Amino acid sequence: MRGLLARLSLDVGRPVAVSTLVDDLWGAAPPDGAGAALQALVSRLRRALGPGLVRYEPAGYRLALPPEHVDAAQFTALTTAARRAETTAPATARSLLAEAAALWRGPALADLTELPFAPAAADRLAEQRALAVESAARLALADGEPDAELAALRDVLADQPLREPAAALLARSLHAAGRRADALAVLDQLRAALADQLGVDPGPDLTAAHLHILRTPPTPARTPPAAPVPPPAPHLGESLDSAGRVAGFRGPGLGARRHPGLGPGLSSFVGRDTDLRRLHAVLDDARLVTLTGPGGAGKTRLARETVATLGADRVRLAELAPLADAAALPAALLAAVGGGELVLRTQDRPGENPPDSTERLVAAVSSRPLLLVLDNCEHLVHDVAELAEHLLLRAPELRILATSREPLGIPGERLHPVDALAEADAVGLLTERARA
C-alpha cells in the first residue's frame, strides 16, 4: 500500500495507467490477477487516506491532492522557481532553496528500494537535490558566506563521490573560508578517485577550481573560536637579528639565533632554557628531530619557541591535528610550504601533465633551505613517517622538526623527550598565570 501511495505521489494530480502501476509495483513478476491485486491495494489506500483522494479515471488512478501537499512535487516547484530567480533575485533564490532543502529528511524512497520504480525515481530526486545544493553553494559563495553549504556539499559527495561540480564548489568554499589545505585535499582526493576508478582526468570544473585556489591568496578564517583559548603561541613570521634584518640560514647550520630564552610569544616561556639550547645544537647537526612526550607536556610550544629564534623566512609550520585522512597530508604540507607559484609554472607549460601533490611538495621543499615543523603527528604517525622519509631523501637541504607522542621511526631520527616541568618551574608558571 505504501508503495502504491509513493508511486501515485510522484505524479500527484495526474492519472497513472493501470498497466504502468502494475509494472512499477511488481515488475516482471506480477501476481496472478494483477488487476484485482491492484484494486485491492487501492481499496486499502482509500480506507487509510479517506474518501475522494484516490480516484479512478479512464486514464488510470490519480492522487487528488494539491502538488504542494507532496514533498517531492513541492521540492521540484521550489527549485524550479529558485533557478529562474538565481540571476535576477539571488536573495530570493537562496530563500527558496533553503525551503526546498528543509523538505528532505533522508534519502528519497529509502524504505521502498525493493520496488521496481523506486531506484530510478530516487536517483532522479537525488540529482535534483544535488543540483539544488550546488546552486545554493554558488549563491552563498557569492554572498560571502562560504561556510553556509559545506555540510550539504559533503552530503552530496558522500552519495556521489565522483561528482565534480560539488567537489569543485566544496573546494572553493573551503578556500574562501580560510581552509586552503582542506580545499586542495578535496581536489586531490577526487583527482585520484577519477584516475583509479574511471581512468580519466579532472574536468573543467575541477581544473578551474584548482587554478583559482592556487592563484588566489587564502582568506583568513572569519569565525572566532566558540570557547576561550590560551594566549597564542609565538608567531612564525619574521624574526629580526640585532641589526633589524630578517634572520636567515648561514651555511649548512641554522644559525642566526637570538638568545634561546627570548621567544616572541605573548606569554612567558618558563623552565625550558636547557631544552632550547639542546634543540638548537641538535638541529644544527640532524635533519630530523622529533619532540616526544605525553599530551600536554608542552611539545608544540617548545617547537614554536625553538623555531621562532631561527631564520623565519626559512621556517614553515604544518599543523596536522585537524587532518583526519592521511590522503590529505601532501596537500596540507604543500599549502604550508607555499607551493602554489611553483605549481602554476608547471601547469602553464603546454603538453605537460601536472604532477601530483607529493611531487609538487618535493619540488617546493627542494627549492631552498627549509625547516619544516610537523606538529601533532601521532594520529597519522606511520603515514607522516613515510612522507617525511621520502621528502628528506629527495630534498637534501630540508630539515624537519616533528612533535609526536611516539617516534616516527625513520633512520637518522634524533629524539628529544619533553618531560613535565620541574616542580619549581611549574609553581612559578602557575603563580604567573594566576596573577594574570
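Setting aside neighbours within four places in sequence, arginine 62 is in contact (heavy atoms within 4.5 Å) with Gly13, Arg14, Pro15, Leu53, Val54, Arg55 and Glu57. The model is a predicted one, so local features need pLDDT of at least 70 and side-chain atom pairs count only at pLDDT 80 or more, while totals for chains, interfaces and linings use all residues. Residues are numbered from 1 along each chain as its sequence is written, and side-chain values use heavy atoms, with hydrogens and water left out. Arginine 62 sits in strand S2 (residues 60–63); strands here are DSSP runs of E with at least two residues and helices are runs of H or I with at least four, both numbered from the N terminus. With a relative accessible area of 17%, arginine 62 is buried, the label for anything under 20%, with exposed meaning over 50% and partly exposed in between (1.4 Å probe, protein chains only).

Stepping back to the whole chain, there are 17 helices and 7 strands. Of its 436 residues, 42% count as buried. Among contacts between residues at least 6 apart in sequence, 71% join residues at least 24 apart. Alanine 192 belongs to helix H9 (residues 180–198) and, at 38% relative accessibility, is partly exposed.

Next comes the sheet. Strands of a sheet pair through backbone hydrogen bonds, either parallel or antiparallel. In this model, 5 strands make an open sheet in the order S4-S5-S6-S3-S7, and the pairing is parallel; two strands pair if DSSP finds at least two bridges between them. Strands S4 (315–319) and S7 (414–417) stand at the edges with a single partner strand each, so one side of each has no neighbour in the sheet. From one strand to the next, the twist averages 20°. Helix H11 (residues 273–285) packs on the sheet, touching S3, S5, S6 and S7, and its direction makes about 175° with that of S7. Helix H13 (residues 329–337) also packs on the sheet, where it touches S4 and S5, with its direction at about 145° to that of S4. Angles like these run from 0 to 180 degrees between N-to-C directions, and axes are lines fitted to C-alpha atoms, for helices over the stretch in contact.

Strand S6 (residues 398–404) is mostly covered, with 7 of its 7 residues buried. Leu398, Ile400, Ala402 and Ser404 point one way from S6, Arg399, Leu401 and Thr403 point the other way, and all are buried. S6 runs parallel to strand S3 (residues 288–292), joined by 5 bridges; here leucine 291 has threonine 403 in S6 as its bridge partner. Strand S5 (residues 370–375) also pairs with S6 in the parallel sense, over 5 bridges. Leucine 371 stands opposite arginine 399 in S6, and leucine 374 has alanine 402 in S6 as its bridge partner.

Now for the helix pairs. Two packed helices are described by the angle between their axes and the distance between the axes. Helices H4 (residues 71–85) and H5 (residues 90–101) pack at about 165°, with axes 8 Å apart. That makes H4 roughly antiparallel to H5, given that angles over 145 degrees count as roughly antiparallel, under 35 as roughly parallel, 65 to 115 as roughly perpendicular and the rest as oblique. H4 passes H5 in a left-handed crossing, where the near helix is turned anticlockwise from the far one by less than a right angle (clockwise would be right-handed). Residues in this contact divide into 10 nonpolar, 2 polar and 1 charged, with Ala, Val, Leu, Ile, Met, Phe, Trp, Tyr, Cys and Pro taken as nonpolar, Asp, Glu, Lys and Arg as charged, and the others, Gly among them, as polar.

The axes of H7 (residues 150–159) and H8 (residues 164–176) come within 9 Å and cross at roughly 150°, which means H7 is roughly antiparallel to H8. This crossing is left-handed. Leu150, Leu153, Arg154, Val156 and Leu157 in H7 meet Ala166, Ala167, Leu169, Leu170, Ser173 and Leu174 in H8, for a class count of 9 nonpolar, 1 polar and 1 charged.

Finally, the axes of H15 (residues 357–366) and H16 (residues 381–394) come within 10 Å and cross at roughly 50°, making H15 oblique to H16. H15 passes H16 in a right-handed crossing. The contact has 5 nonpolar, 3 polar and 2 charged residues.
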